[in-house]
Amino acid sequence: MNTLMSLAQSIEQSAIGTAIAEGRYAFPIIEGIHLIGLALGVGLIFLIDLRLIGVFLPSVPVRVLHRQLQPYVFLGFGIVIVAGVLLLVSETSTVIVSPPWPFKAMFFVLASANALYFEFVIARRAGALPERGPLPKPVRYAGIASLALWALVIICGRLIPYIPHWT
Amino acid sequence: MNLIEWLQSSWLSHAIAKANHMLVASLQIVHVFGLILLLAPLLLIGLRVLGWAMRDQPLEHIVGQSRRLSLVGLLLSLTSGALMFFSAPLHYVANWAFDTKMTLLMAALVMYALLYAWKAEQIRTHAMLARVHIVSAITLWIMVSMAGRAIGFV
């Protein structure tokens, strides 16, 4: 833990870490960008998930929605990840000791794995799915799983400043 | 006693302020989900109206469904935001980022309400105006969010 903490402190004391932490508006601006990237990346994934569940755009085929939104989802994730890494670099030692952080990281890995499974397994079979109306149960469950996992990532992320320590 | 002082001394304000700080954290979380559910469908309308995505899908369907979903997001963010405001109105009104956010919010709400005036046929005939409208609406909501993030820092 001590090695991890000293590593965290050296990341935080890097030129970029101190620049963000000491700049008056850098931190809130990057946080704002993190939030907007989230609304684009995760927001559009939510729309696809709601389509899979069957409550949004029921007459748009899943393969169309997925293929057309994909570049914007990637753009959103690019923004979220770059901004998120910058925020982490500026306060590494504070973030890593906060209890919600490991959970956020875990749910992020699970949500990403689920997204890759969707990309490489479900979406490749999307041509075989019905164009309109309700989808087969496993596909609806995949939508629910994605929605729940990304929601957990966001919940844990927002809890970081509210639960700073384990005890 | 002015309205803000009256609000601060109200039962609701005391109840939220004195509750566990996890209540405010929960309101913050709902506020973020509200923003996502508001903004993502507006982005979808924007992509469709600008012709950047879903061009071969019916405009009526995309715009109608997206407006309905974004309304859910708007209600979630307005309710959670109002409750957070009630917890410490005197603190918020003294914050310039909050004032900026409220001014931008008024403009964003007007733009949002006007989105409901469009019929699919009019979007087709007045394509340029529709594009300017949706881009301004999205830009205003982005500015509202950015100003909102600044509240805790000024």
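Visitor: Which residue of chain A does Arg149(B) form a salt bridge with?
Guide: Glu31(A). The closest N and O atoms of the pair are 2.7 Å apart. Keep in mind that this is a predicted model.

Visitor: How many salt bridges does the rule find across the interface of chain B and chain A?
Guide: One.

Visitor: And how many residue pairs in polar contact?
Guide: Eight across that interface, counting pairs with both residues at pLDDT 80 or more.

Visitor: Which helices of chain B supply at least two residues of the side that touches chain A?
Guide: Three are on the list: H3 (21–50), H4 (59–87) and H8 (127–150). H3(B) has the largest share, with 16 residues.

Visitor: What's that side made of, by class?
Guide: On chain B, 25 nonpolar residues, seven polar and four charged.

Visitor: How many residues are in contact between the two chains?
Guide: 36 residues of chain B are in contact with 36 of chain A.

Visitor: What area is buried there?
Guide: About 3,200 Å² between chain B and chain A. Carbon and sulfur atoms give 79% of that area.

Visitor: Which residues line the largest cavity?
Guide: The lining is Ile45(B), Val49(B), Val63(B), Arg67(B), Leu115(B), Trp118(B), Ile123(B), Ala130(B), His133(B) and Ile134(B). H3, H4 and H8 of chain B each give two or more residues to this lining. H8(B) has the largest share, three residues.

Visitor: And the classes in that lining?
Guide: Eight nonpolar, one polar and one charged.

Visitor: Which elements give two or more residues to its lining?
Guide: Helices H3 (26–53), H4 (62–90), H6 (100–122) and H7 (137–159) of chain A.

Visitor: Which one gives the most?
Guide: H6(A), with 10 residues.

Visitor: Last one. How do the residues of that pocket's lining divide by class?
Guide: Into 16 nonpolar, five polar and two charged.

Terms used:
Residues numbered from 1 in each chain as written. Chains lettered and ligands numbered in written order. Predicted model: local features only at pLDDT ≥ 70, side-chain atom pairs only at ≥ 80, totals over all residues. Heavy atoms only, no water. Helix = DSSP H or I, 4+ residues; strand = E, 2+ residues; numbered from the N terminus. Nonpolar A, V, L, I, M, F, W, Y, C, P; charged D, E, K, R; others polar. Contact = heavy atoms within 4.5 Å. Buried area = accessible area lost by both parts, 1.4 Å probe. Salt bridge = Lys/Arg side-chain N within 4 Å of Asp/Glu carboxyl O. Polar contact = N/O pair within 3.5 Å; in protein donor to acceptor, adjacent residues only side chain to side chain. 1 Å grid on protein atoms, 1.4 Å probe; cavity = no way out; pocket = protein on both sides within 12 Å on 5 of 7 lines; lining within 4 Å.
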